[in-house]
Amino acid sequence: MDLAIHRQPSQEFQALPLPFDVPTRSSVEAWGDTLFGFKWRFLGESNRDTYRAALFGGVRAPTGRLADVQDPSQLSTGGGQWDLGLWPTFDWQVRPNGYVNVTGYFEYALPGRRDQLVTRDTSGASLASPVVRRQSFKPGDLAVLALAYIHKPSTESVDWEFRLGYWWGWQDNLKAQSLTGQGGDAHYAGPRVSRPNTSWQE
């Protein structure tokens, strides 16, 4: 059993074009979300065994910074909510330098809260002055299954591999509260409802 703490990638880049003026600083580096994980290898004692299987699991903590919604030049380095994940993997060594790998990714996102910049009320009228309101949200849960044949050439100077595979994935839509109220009293309330076209496969 292995335990690990992994810092999530935290460097961000802004893509062009943008609907607002491009800030002078187009990238930022800061601490991102943190993954606390474990690995349990329950089949195979070494990488030379014909069959190998392991279970990875972890909790992703929202340690990353969330951007100020009133400052378009800022970028977030975290998601703002906790995630739970299980990632089982299985290897079948079919040749000395090649093996078949099957890996699953199953992640459940816990609800979180975030600031939103409200510029219009529920009737669509522009507010005289934008206001910041808190919104409850929940990202869509994720399930991915990947199948691949991996070939690792025998070289002493370079460690590389070739992969040929197929993967299937599904993710639910994001769920978030709706805007209610008029004018400066507009706020997010009520149950979280599904937001169309917010999953990555749509």
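Biologist: In this structure, which residues do ring pairs link into a cluster?

Modeller: The model is a predicted one. Rings count as paired if their centres lie within 6.5 Å. Pairs of this kind join three residues into a cluster, namely Y51, F90 and W92.

Biologist: How many aromatic pairs does the count come to?

Modeller: The same rule on ring centres, within 6.5 Å, applies here. By this rule the number of aromatic pairs is 4.

Biologist: Is the pair of W40 and F42 stacked, edge-to-face or tilted?

Modeller: The centres of the W40 and F42 rings are 5.1 Å apart, and their planes make 50 degrees. Planes under 30 degrees apart would count as stacked and over 60 as edge-to-face, so the remaining class applies. The pair of W40 and F42 is therefore tilted.

Biologist: What is the angle between the planes of W160 and F162?

Modeller: The ring centres of W160 and F162 lie 5.2 Å apart. This pair is classed as tilted because its planes stand at 50 degrees.

Biologist: Is F162 buried, partly exposed or exposed?

Modeller: Buried means under 20% relative accessible area, and exposed means over 50%. F162 has a relative accessible area of 44%, so F162 is partly exposed.

Biologist: Which residue lies over the face of F137?

Modeller: For Arg, a charge sits over a ring if CZ is within 6 Å of the ring centre and within 35 degrees of the ring normal. At 4.1 Å from the ring centre of F137, the residue over its face is R114.

Definitions and conventions. Residues are numbered from 1 along each chain as its sequence is written. This is a predicted model: local features need pLDDT of at least 70, side-chain atom pairs count only at pLDDT 80 or more; totals for chains, interfaces and linings use all residues. Side-chain values use heavy atoms; hydrogens and water are left out. Rings of Phe, Tyr and Trp (its six-membered ring) pair if their centres lie within 6.5 Å; planes under 30 degrees apart count as stacked, over 60 as edge-to-face and the rest as tilted. Buried means under 20% relative accessible area, exposed over 50%, partly exposed in between (1.4 Å probe, protein chains only).
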